[in-house]
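Here is a short briefing on one protein chain.

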Amino acid sequence: MSVTLNVNGREHTLDVEPDTPLLWAIRDHIELTGTKFGCGIAMCGACTVHADGNPVRSCSIPVVAVAGMKITTIEGVESSAAKVVQDAWESLQVPQCGYCQSGQIMSATALLESNPNPSDADIDAAMQGNICRCATYPRIRAAIKSAAEKLG
């Protein structure tokens, strides 16, 4: 079956089964490898991308469910919120192993795009589905707060 996906502003027509996870379409067919495979059951958030601006777990959403939507991966996120989040990540040295970071940044960016002044509770709620095996949670929260102040 042919499915057309709009990823990072470009149309990609793929010959895949409709139930193919979006993550495999992104990584194996479109060859954008910044989005990571973590758990495969939407529990860790490493595979987070945006679908029409909303964070989704690409490992568990079939391509047919996002056909016609605008998919943004870590390679294509360019908003002002994304820029300040990425700058804060770097200046506060958030990553350790870095494996979960693309998913973390995508969730943080979606949070700040919908709520530019989040409380600690807002941050915790938005980020609760993103697991960091290095436990950099205090630095993640600090980076989101720093980014929010710069957007302010």
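Partly exposed means a relative accessible area between the buried limit, under 20%, and the exposed limit, over 50%. At 39% relative accessibility, Asp 124 therefore counts as partly exposed. The model is predicted. Its salt bridges number 4 across the whole structure, and its disulfides number 0.

- Asp 124 pairs with Arg 141 in a salt bridge, with 2.5 Å between the closest N and O atoms.
- This pair links distant parts of the chain: Asp 124 sits in helix 5 and Arg 141 in helix 6, 17 residues apart.
- Arg 141 is partly exposed, at 27% relative accessible area.
- Asp 120 forms a salt bridge with Lys 145, and their closest N and O atoms are 2.6 Å apart.
- Here too, distant parts of the chain are linked: Asp 120 belongs to helix 5 (residues 120–127) and Lys 145 to helix 6 (residues 137–151), 25 residues apart.
- Both partners are partly exposed: Asp 120 has a relative accessibility of 32%, and Lys 145 has a relative accessible area of 34%.

- Asp 87 and Lys 83 form a salt bridge, the closest N and O atoms being 3.1 Å apart.
- The two residues are 4 apart in helix 3, so about one helical turn separates them.
- Asp 87 is partly exposed at 33% relative accessibility, and Lys 83 is partly exposed at 48%.

- Cys 44 is buried, with a relative accessible area of 13%.
- Cys 47 is also in no disulfide; its nearest cysteine sulfur belongs to Cys 59, at 3.6 Å.
- Cys 47 is buried, at 2% relative accessibility.

**Nonpolar surface patch**

- Trp 24, Phe 37 and Tyr 99 make a nonpolar surface patch of about 260 Å².
- Tyr 99 comes from the loop between helix 3 (80–91) and helix 4 (101–114).
- Tyr 99 is partly exposed, at 34% relative accessible area.

Technical notes
Residues are numbered from 1 along each chain as its sequence is written. This is a predicted model: local features need pLDDT of at least 70, side-chain atom pairs count only at pLDDT 80 or more; totals for chains, interfaces and linings use all residues. Side-chain values use heavy atoms; hydrogens and water are left out. Patches are made of residues with over 30% relative accessible area and no salt bridge: like charges are joined within 9 Å, nonpolar side chains (Val, Leu, Ile, Met, Phe, Trp, Tyr) within 5 Å. Accessible areas come from the Shrake-Rupley method with a 1.4 Å probe; for residues, only the protein chains shown count as cover. A salt bridge is a side-chain nitrogen of Lys or Arg within 4 Å of a carboxyl oxygen of Asp or Glu. Buried means under 20% relative accessible area, exposed over 50%, partly exposed in between (1.4 Å probe, protein chains only). A disulfide is a pair of cysteine sulfur atoms within 2.5 Å.
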